[in-house]
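Hi,

Here is the structure I promised to pass on. Have a look at it first, and my notes on what turned up follow below.

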Amino acid sequence: DGEQEFTGHPRDFDWTSLEGRTIVSHNAAFDKLVYDRLVELGWADAFNSEEWNCTANLAVYLRAQRSLKGAIKDLYGMAVSKDYRKLALGKTADQMKADGSWAQIVESNVVDTKWTWTLWNDHAHKWPEHERRLSVMTWQQCHRGMPIDRKLVEQGIKVMTMKRAEASKLVPWPASEESGTASIDEFKKHCQALGVTPPESTGEDEESTKEWEKAHQGTKPLSWLLAMRDWRKCNMLLKRLQTLQTRLTSDGRFTYAQKYFGAHTGRWAGGSSSESGGTGEQGFNPQNFPKEPLHGVDLRKCVIASKGRKLIIADAAQIEPRCLHWCAGDWDKLELIRGGMSVYEVHARATMGWNGGVMKYEDKKGYRIAKDRVLGLGYGCGHVKFRVYTKVNSGVDMTLQ
């Protein structure tokens, strides 16, 4: 705390001295889990802190790197060595004392701790209170987890396992359980054996692939391609369901990882390793659930509300194009938007000659094109990309002119 320090076994520390104080860790999400385990083992006493906050999250708010080493380099221009981790890897305290590395490891940890305190002491005042609260709430909610319908997860695993196996039987090459079905090399080789030129890409949204599919309707190569896609989708959903199942706590909640200020805009991002400030639980992004069910399996419905609670979908309507109008100083259109008109309809009335009623219901195709223009061009699509964008989204095949 700038005045005193302690180095030693957790059992020898006076934990009551932390009562009511602000605790800071460079990765609070991970260190709080460690502390909770120490309490379970009887190696630490329980105490109530005023706040347990995270200098890794403070660092990224300040536009520095998330790791302590990177944060100190960006904010102070100083180098902090992490070589001691290699010395400690896989060793007990007695082994490190015997090989002479113990003193270096202890000193390196003291240096890390002092840098963490310094970072907080020098920069915490730059972190708004509401952002600090969001930081704490993020890792607390990750630890608490989300309630899951266990039976629905188990049913989904059975369906995806069966459907994945069925997709494997639809290709003529040997299909290993993990990746053989979706082997692009095997697909191309079997296409060429039939005298068929395979598509440049197997991506579902690629324009060239769509053209290839139209030209090969009813052929074996197309059936193989569709089977590969189905296998990939089934496999991806299966892995997610299995992750849900294996991480369920005894009270049926799924603990997950999420990063505060994970992107440069400040929005959250999926989990990461503990090295970079996450909880270490990778492999599942709670912000990236499939929008549509697959073979009747809906991952979103596996998340349920706690008893006495409800789930709501909270979203800022068309937030990016609204902000874009504000950045451009287009106050006339913003006035119409404030009155309740859709951003896309406002654009259509101003630039596409629409003068009817509610466009979303009266001209659905025109509304989709207006949306493509606002989003695609508003976000800087070039002319080549925009043609592909409108073809994929709205089925409009624009000429170059």
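Let me start with isoleucine 148: beyond its neighbours within four places in sequence, this residue is in contact with Val153, Leu244, Leu248, Gly252, Phe254, Cys302, Val303 and Ile304. Contact here means heavy atoms within 4.5 Å.

Before going on, some ground rules. This is a predicted model, in which local features need pLDDT of at least 70 and side-chain atom pairs count only at pLDDT 80 or more, while totals for chains, interfaces and linings use all residues. Residues are numbered from 1 along each chain as its sequence is written, and side-chain values use heavy atoms, with hydrogens and water left out.

**The cores**

Ile148 is also among the residues with the most contacts inside the largest nonpolar core, together with Met160, Leu241, Leu244 and Phe254; that core has 21 residues. Helices α8 (150–168) and α11 (220–246) each supply at least two of its residues, and the largest share, five residues, comes from α11. Apart from it lies another core, of 15 residues, including Ile72, Trp120, Ala124 and Trp127. A nonpolar core is a set of buried Ala, Val, Leu, Ile, Met, Phe, Trp, Tyr and Cys residues joined through side-chain atoms within 4.5 Å. Buried means under 20% relative accessible area, exposed over 50%, and partly exposed in between (1.4 Å probe, protein chains only). The helix and strand names follow DSSP runs numbered from the N terminus (helices: H or I, at least four residues; strands: E, at least two).

**Two helix pairs**

The axes of α3 (residues 68–76) and α6 (residues 102–123) come within 11 Å and cross at roughly 50°. Axes are lines fitted to C-alpha atoms, for helices over the stretch in contact, and angles run from 0 to 180 degrees between N-to-C directions. So α3 and α6 are oblique to each other. (Under 35 degrees counts as roughly parallel, over 145 as roughly antiparallel, 65 to 115 as roughly perpendicular and the rest as oblique.) On the α3 side, Leu68, Ala71, Ile72, Leu75 and Tyr76 meet Asp112, Trp115, Thr116, Thr118, Leu119, Asp122 and His123 of α6. Sorted by class, this contact has seven nonpolar, three polar and two charged residues. (Ala, Val, Leu, Ile, Met, Phe, Trp, Tyr, Cys and Pro count as nonpolar, Asp, Glu, Lys and Arg as charged, and the others, Gly among them, as polar.)

The other pair is α9 (residues 184–193) with α11, packed at about 170° with axes 10 Å apart. That makes α9 roughly antiparallel to α11. Here Ile184, Phe187, His190 and Cys191 of α9 meet Pro221, Trp224, Leu225, Met228 and Arg232 of α11, a contact of seven nonpolar residues, one polar and one charged.

**A few single residues**

Tryptophan 212 is found in helix α10 (residues 207–215) and counts as buried at 8% relative accessibility. Leaving aside neighbours within four places in sequence, its contacts include Phe187, Pro221 and Leu225.

Histidine 295 has a positive phi of about 50° although it is not a glycine. Glutamine 318, also placed in that loop, has a positive phi of about 50° and is not a glycine either.

Cheers
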